[in-house]
Amino acid sequence: TTTSTYFLFSTKSHLSLERDQILLPSIALDSFLLFQKEMGGLSRLPKSNRSVAVFGLLVTVGVAIINIQMALNIVSTEPKSKAFVDLPLVPVRRNGKPVEVEVTPISLDTQSWLPPRKRQNKVILFGPHDRYNFGDLLFSKVLTHLLINKAGYNGDDILQGGVISINMSLYGGWDNILGPKVLQRMSRSDEVAGPYDIIYIGGESTGCNHDCATRALMTEEHRNQSKREKIFGCGYLIPKELLRNPGSTSSNYAVMNSLGGTPGGSCNVRADYVSFRDHKPLAPDSACMVREIFGNEIEKASKSVLKDLFGIGNAKEVPDYIAVQHKVNNEMKNAASLANSLDQVSQGAGNATIIFFAAGTVPNHDSLEAYKKVASFMRQPVMVCMTTNIWEVIGLISKASAVLSTSLHVRIMAFIYSRPRLTWCPHWSKHPKFIRIWDTHDSPQCIEYNQHMKTWDVLHKYYGKNPKITQETTKKAYEIITSEYMKSFEKFSSMLANGTIG
């Protein structure tokens with residue numbers, strides 16, 4: 001009986017500490033060997049003690065059978081890795097110089113087993129996903145999935161936060177985004193899981209005060225709500241201390257998740273883990289993980305949007321098209337001039353259809369009406385895709401013959417789907433930084449807004465059967481960027497879940 005009890009607790013210990021090494025078969029075998037040995041000595045026991053000994057050995061056999069069954073279950077449910085790489089090192093260029101980057105194979109399948117978190121604090125994903133701006137809606141989708149499937153969180157442990165309470169499900173976002181005052185009240189009153197941790201999910205938060213965040217909201221009603229909800233002078237950076245009760249000694253963590261902008265900008269708060277997408281400490285934009293996590297959803301969305309546009313859901317049967325997005329600015333307001341440039345692109349690409357789409361309809365971003373005006377001047381095939389759902393937009397990008405854009409996150413989506421891509425942007429902006437650090441070294445650089453008439457002159461080098469940039473170079477860069485992001489995520493998620501940097 002004592003022996004059986006030992007193996008029972010030994011099994012439990014190995015389950016909780018060494019699951020990935022699958023030690024249970026070994027334990028089960030040990031149990032049977034011990035049973036065989038003890039049976040040999042059973043005849044030497046007094047008759048009065050034999051019944052007790054037999055009972056104990058039968059318990060040992062039962063434990064051994066359970067061990068084997070548990071081991072088989074674990075082996076059968078162990079997720080297969082989605083590792084992309086065969087080699088540990090892949091050459092890449094950064095700032096024009098070749099460097100070696102170690103690529104760690106990653107698996108993003110739902111984990112059937114994760115150790116319990118040592119810390120029980122809930123976490124707020126706080127950022128600009130409270131308005132329709134393409135990239136901003138993606139950050140919290142990625143983080144929520146990873147926290148649940150890689151860090152042991154439950155859905156109820158994760159709260160979505162913005163400068164207002166709003167339902168963004170119409171755009172593919174969350175239906176339960178909460179404003180700052182609501183979150184502060186919940187965090188301070190939660191005696192079990194408070195004070196809450198906070199992740200600043202992304203975007204150029206260090207350069208956006210509360211007025212900046214308010215102006216970017218979609219309606220006047222939302223802007224008034226934002227003013228009522230204000231608890232701090234920065235829009236999307238709320239100090240973690242404001243989530244604690246005044247005078248409280250309880251601790252919580254703050255994480256900057258691959259923010260844009262400049263460290264130490266006009267808005268700043270103290271964080272326990274810091275990363276920027278184009279400054280040190282460096283980690284890629286979390287939107288780079290979208291294909292890995294949501295590939296199936298995007299494939300379904302692509303069929304839906306293509307059927308709406310062409311009446312055909314199968315991308316192989318859809319005519320070639322070039323997806324085009326641009327923000328409204330002074331350099332690109334001349335609709336006739338831009339139409340002429342895009343006619344040249346369509347003609348050069350074999351009369352491919354130009355399809356306009358919006359990556360954000362907040363003030364000073366994209367305009368569906370502006371697209372219609374440009375389309376009215378065009379002679380070549382043209383459509384305006386009216387969707388404002390992020391998954392349908394990505395689906396459209398994923399099947400395009402090429403992608404032209406002014407949005408950084410449209411560029412990133414074209415990159416992760418290995419589409420020929422060209423970006424209209426100033427040379428000093430965030431786009432060249434992303435291209436230099438994360439995209440392929442032979443990928444097309446930016447064209448200034450007022451040079452859009454040169455679009456086909458550049459794009460044709462990357463288009464067609466023998467492009468200057470190959471699928472293989474894009475694949476390698478993609479492997480690197482996803483691996484690098486997961487390294488960053490594992491560090492800060494370990495801190496949030498267990499209090500230690502992973």
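Gly-395 is part of helix α11. Helices here are DSSP runs of H or I with at least four residues, and strands are runs of E with at least two, numbered from the N terminus. This is a predicted model: local features need pLDDT of at least 70, side-chain atom pairs need pLDDT 80 or more, and totals for chains, interfaces and linings use all residues. Residues are numbered from 1 along each chain as its sequence is written, and side-chain values use heavy atoms, without hydrogens and water.

Q: Is Gly-395 buried or exposed?
A: Buried means under 20% relative accessible area, exposed over 50%, and partly exposed in between (1.4 Å probe, protein chains only). Gly-395 has a relative accessible area of 0%. Gly-395 is therefore buried.

Q: Which residues does Gly-395 contact, leaving aside its neighbours within four places in sequence?
A: Contact means heavy atoms within 4.5 Å. With those neighbours left aside, the partners of Gly-395 are Ile-298, Ser-302 and Tyr-321.

Q: What separates the C-alpha atoms of Gly-395 and Met-413?
A: Along the chain, these two residues are 18 residues apart. Met-413 is one of the buried residues of α12. The C-alpha separation of Gly-395 and Met-413 is 9.7 Å.

Q: At what angle do helices α4 and α11 pack?
A: Two packed helices are described by the angle between their axes and the distance between the axes. Axes are lines fitted to C-alpha atoms, for helices over the stretch in contact, and angles run from 0 to 180 degrees between N-to-C directions. For α4 (residues 134-150) and α11 (residues 390-398), the axes are 10 Å apart and the angle is about 105 degrees.

Q: Why is α4 called roughly perpendicular to α11?
A: The angle is about 105 degrees. Angles of 65 to 115 degrees count as roughly perpendicular. So α4 is roughly perpendicular to α11.

Q: How many nonpolar residues does the contact of α4 with α11 have?
A: From α4 come Phe-134, Leu-137, Leu-138 and Lys-141. From α11 come Ile-390, Trp-391, Val-393, Ile-394 and Ile-397. By class, the contact has no polar residues, 1 charged, and nonpolar residues numbering 8.

Q: Why is α12 described as largely enclosed?
A: Helix α12 covers residues 408-416. Among its buried residues are Leu-408, Arg-411 and Phe-415.

Q: Which residue caps the N-terminal end of α12?
A: A side-chain oxygen lies 3.2 Å from the backbone nitrogen of His-409. That oxygen belongs to the capping residue, Ser-407.

Note on methods. A polar contact is a pair of N or O atoms within 3.5 Å; within protein, one must be able to donate a hydrogen and the other to accept it, and residues adjacent in sequence count only if both atoms are side-chain atoms. Angles under 35 degrees count as roughly parallel, over 145 as roughly antiparallel, 65 to 115 as roughly perpendicular and the rest as oblique. Ala, Val, Leu, Ile, Met, Phe, Trp, Tyr, Cys and Pro count as nonpolar, Asp, Glu, Lys and Arg as charged, and the others, Gly among them, as polar.
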